[in-house]
Amino acid sequence: MIFHQPDNSVGNHSYNAVIYARGTDWEMHFHQNLELIYAISGNLHCNIGNKEEVLGTEDFALCLSNEIHSLHPDSDTVYWVGVFSEDFVPEFAAAVKGKVGEGSRFRCDGAMLPYLRQNLLREETPDFYLLSSCLYAVCGMYLEQIPLTERHRNESSIMNFILDYIAENYRNRITLKTVADALGYDYFYFSRIFCSVFGMHFNDYLNTYRFNAAVSLLLKTNLPITQVALESGFQSIRTFNDVFRRKTGSAPAEYRKQKKRAEG
């Protein structure tokens with residue numbers, strides 16, 4: 001299975017697009033880049049920011065930075081996913097910073113949809129300027145159709161703290177209590193806040209972050225699998241393998257071989 005953000009790259013105009021079929025679904029995950037979703041045919045059940053929506057044929061959805069989401073298509077659904085860094089659309093990124101959409105589903109009608117089908121909604125990467133123009137067009141439609149609200153200040157500050165803390169400490173042995181103590185919160189109160197903000201348990205969140213780091217090391221280095229696991233913060237090879245199989249359907253070594261073979 002191809003991971004639709006293979007190295008969790010941020011900035012430097014990172015972009016990746018994949019068309020999925022035959023019931024390919026994704027459990028709850030997140031990344032710093034934006035994610036654009038387009039239902040080519042059939043129905044796609046999305047949970048984005050703890051809001052459930054169903055994309056029908058020719059519907060779009062957009063996941064903002066670090067917005068937790070999952071995708072569950074019907075068995076005959078075909079859909080396109082494009083993951084791109086905010087530096088393609090800096091003005092849009094500034095407009096949505098610290099905000100959340102009241103929904104995620106929108107449409108691009110009229111002459112725009114055929115234009116996007118021809119130039120964006122495929123697996124090939126358009127040239128830089130064409131890609132940027134397409135992404136700005138879609139993000140503009142999102143802003144026209146989706147009301148934005150300010151993220152609750154308490155939630156926003158907690159989310160930013162956790163993201164920073166995990167980015168600095170994910171290689172170490174950390175727990176929810178470690179983070180709660182660092183932030184100065186009661187453990188049980190912080191646990192409730194965490195689940196409310198992120199929509200998943202702390203260990204699932206941490207393992208997803210470590211998984212993203214591991215994928216980057218697998219694709220960009222020749223480090224042995226054991227060292228990749230340790231460098232990514234996994235405390236045991238067994239946990240590393242279990243998480244990797246659950247998220248990709250392949251063992252880490254097998255995934256690396258598949259990707260290198262595909263790259264020629």
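This is a predicted model: local features need pLDDT of at least 70, side-chain atom pairs count only at pLDDT 80 or more; totals for chains, interfaces and linings use all residues.
## Close-up views

**View 1. The axes of helix H5 (residues 176-183) and helix H6 (residues 187-198) come within 9 Å and cross at roughly 105°.** That makes H5 roughly perpendicular to H6 (65 to 115 degrees; under 35 counts as roughly parallel, over 145 as roughly antiparallel and the rest as oblique). An axis here is a line fitted to C-alpha atoms, for helices over the stretch in contact, and angles run from 0 to 180 degrees between N-to-C directions. On the H5 side, look for Leu176, Lys177, Val179, Ala180 and Leu183, which meet Tyr187, Phe190, Ser191 and Phe194 of H6 (contact means heavy atoms within 4.5 Å). Sorted by class, this contact has seven nonpolar residues, one polar and one charged (Ala, Val, Leu, Ile, Met, Phe, Trp, Tyr, Cys and Pro count as nonpolar, Asp, Glu, Lys and Arg as charged, and the others, Gly among them, as polar).

Residues are numbered from 1 along each chain as its sequence is written, and side-chain values use heavy atoms, with hydrogens and water left out.

**View 2. Helix H2 (residues 112-119) meets helix H3 (residues 128-145), their axes coming within 11 Å and crossing at roughly 140°.** With that angle, H2 is oblique to H3. Their crossing is left-handed (the near helix is turned anticlockwise from the far one by less than a right angle; clockwise would be right-handed). H2 brings Met112, Tyr115, Leu116 and Asn119 to the contact, and H3 brings Leu130, Ser133, Cys134, Ala137, Val138 and Met141. Between H2 and H3, that gives eight nonpolar residues, two polar and no charged ones.

**View 3. Helix H7 (residues 202-220) packs with helix H10 (residues 252-262) at an angle of about 50°, with the axes 9 Å apart.** H7 and H10 are therefore oblique to each other, and this crossing is right-handed. Val215, Leu217, Leu218 and Leu219 come from H7, and they meet Pro252, Tyr255, Arg256 and Lys259 of H10. The tally for H7 with H10 is six nonpolar, no polar and two charged residues.

**View 4. Ile225 sits in helix H8 (residues 225-231).** Its relative accessibility is 23%, so Ile225 counts as partly exposed (buried means under 20% relative accessible area, exposed over 50%, partly exposed in between, with a 1.4 Å probe and protein chains only). Leaving aside residues up to four places away in sequence, Ile225 touches Leu218, Phe240, Pro252, Ala253 and Arg256. Take Ala253: it is 28 residues from Ile225 in sequence, and the two C-alpha atoms are 6.8 Å apart in space.

**View 5. A search of the whole structure turns up zero disulfides.** Here a disulfide is a pair of cysteine sulfur atoms within 2.5 Å. Cys139 has Cys108 as its nearest cysteine by sulfur, 9.6 Å away, and is in no disulfide. Cys139 is also buried, with a relative accessible area of 3%. Cys195 is in no disulfide either, and the nearest cysteine sulfur, that of Cys63, is 20 Å away. Cys195 is partly exposed at 29% relative accessibility.

**View 6. Glu58 has a phi near 75°, a positive value in a residue other than glycine.** Most residues other than glycine have a negative phi. Look for Glu58 in the loop between strand E5 (51-55) and strand E6 (60-63). Glu58 is partly exposed, with a relative accessible area of 25%.

**View 7. Arg246 lies in helix H9 (residues 237-248), while Asp76 is in the loop between strand E7 (69-73) and strand E8 (78-84).** Arg246 is partly exposed at 45% relative accessible area, and Asp76 is exposed at 58%. Arg246 and Glu27 are 219 residues apart along the chain, with their C-alpha atoms separated by 9.4 Å. Asp76 and Phe211 are 135 residues apart in sequence, and 29 Å apart in space from C-alpha to C-alpha.

Methods
Helices (H or I, at least four residues) and strands (E, at least two) are DSSP runs, numbered from the N terminus.
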